[in-house]
Amino acid sequence: MPQAKPLVVVTRKLPEVIEIRMMELFDTRLNRDDKPLSQAELIEAARQADVLVPTVTDRIDKAVLTQAGQRLRLIANFGTGVDNVDLAAARERGVTVTNTPGVLTEDTADMTMALILASARRLAEGERVVRGGEWQGWSPTWMLGHRISGKRLGIIGMGRIGTAVARRARGFGLSVHYFNRRRVHESLERELEATYWESLDQMLAHVDIVSVNCPHTPATYHLLSARRLKLLQPQAYVVNTSRGEVIDEEALAEMLIAGEIAGVGLDVFEREPAINPKLLGLDNAVLLPHMGSATIEGRVDMGEKVIINIKTFVDGHTPPDRVIEAMF
Ligand code: 8YV
């Protein structure tokens, strides 16, 4: 007798091709109107599902995991970052967690470069002037930003995305500096002509642009603390396409207001979708709504990864993107 298909509960609306394929393969429960689930609804989903497919907007915390049904065996996260999942609680409950690494690397690195350019060259500010009907015409000394070529970029987190940012940055004439848990292989360092800093504090004091590309973990929460941010030079820019929690957002906003740094480009925030009101009033803050991986191609690739992870798991194999706590 064929085995019953596993019940897969998807918490948000995914690209149509992915949803169709999921429905063919599994007993799939979709969220057609894309309304984020409340914690109570998440608990209910975890009670019923064999496989849960959450996104960054779902908090799969201890309460959800301890109340999950015996059937729940896999959390196939639609996303690379897994800071929305309590990994220790999942391990204790014997629930496997997978993510979608690799497929959003290039898109997120592109967005990082876009934010570097947008902040240093005042893209959003210029656009606002034009749309506001306030443009008086060209002037030799108006709307001056900073050249990025020849400047030093300090990358925090030289994983897949950090490396992809470094490759792009070389093309823009930036020199690459990085801070990472581990020094990368010397062949990669050579290719990128990258300078490794053992001390984040020292790197921060020496670079013109900082890019946050590390995951959010208990160890990286407020890695850019108020104290560390103070080490930056007044002409420095900070961009973040990782997670808002890595930066002390309040301290960052205060420094922008005080003119202690030149500008920021942020795609992620500490309390999404809420944004620190202080940032909203600042011309030198480029603010995006967490769209680093928002390409049709990327989201379909992420969905395919989710499907492969579920299929291999339910077929009794180790899924390719199994998350090991120690990785985060
Ligand atoms: C995703 C991301 O859009 O994958 C990640 O870690 O930050 C985003 O690019 C989001 O996480 C989807 O759940």
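This note sets out points on the strands, an aromatic pair and a surface patch of a predicted model.

1. Strand E1 (residues 7–10) has buried residues on both sides. Leu7 and Val9 point one way from the strand, Val8 and Val10 point the other way, and all are buried. In a regular strand, side chains alternate between the two faces of the sheet.

2. E1 is joined to strand E2 (residues 27–29) by three bridges, and the two run parallel. Within this pairing, Val9 has Arg29 of E2 as its bridge partner. The chain passes from E1 to E2 through helix H1 (residues 16–25), and this β-α-β crossover is right-handed.

3. E1 also pairs with strand E3 (residues 51–53), again in parallel and through three bridges. Here Val10 stands opposite Val53 of E3.

4. The count of aromatic pairs comes to one. The ring centres of Tyr178 and Tyr196 lie 5.2 Å apart and their planes meet at 45°, so the pair is tilted. Because Tyr178 belongs to strand E7 (residues 175–179) and Tyr196 to strand E8 (residues 195–196), the pair ties together parts that are 18 residues apart in sequence. Tyr178 has 0% relative accessibility and therefore counts as buried.

5. Val130, Trp135, Trp138 and Trp142 make a nonpolar surface patch of about 550 Å². Of these residues, Trp142 is placed in the loop between helix H6 (123–131) and strand E6 (152–156). Its relative accessibility is 39%, so Trp142 counts as partly exposed, the limits of that class being 20% and 50%.

Definitions and conventions: Residues are numbered from 1 along each chain as its sequence is written. This is a predicted model: local features need pLDDT of at least 70, side-chain atom pairs count only at pLDDT 80 or more; totals for chains, interfaces and linings use all residues. Side-chain values use heavy atoms; hydrogens and water are left out. Patches are made of residues with over 30% relative accessible area and no salt bridge: like charges are joined within 9 Å, nonpolar side chains (Val, Leu, Ile, Met, Phe, Trp, Tyr) within 5 Å. Accessible areas come from the Shrake-Rupley method with a 1.4 Å probe; for residues, only the protein chains shown count as cover. A salt bridge is a side-chain nitrogen of Lys or Arg within 4 Å of a carboxyl oxygen of Asp or Glu. Helices (H or I, at least four residues) and strands (E, at least two) are DSSP runs, numbered from the N terminus. Buried means under 20% relative accessible area, exposed over 50%, partly exposed in between (1.4 Å probe, protein chains only). Two strands pair if DSSP finds at least two bridges between them. A crossover is right-handed if, with the strands pointing away from the viewer, the path from the first strand over the helix to the second runs clockwise. Rings of Phe, Tyr and Trp (its six-membered ring) pair if their centres lie within 6.5 Å; planes under 30 degrees apart count as stacked, over 60 as edge-to-face and the rest as tilted.
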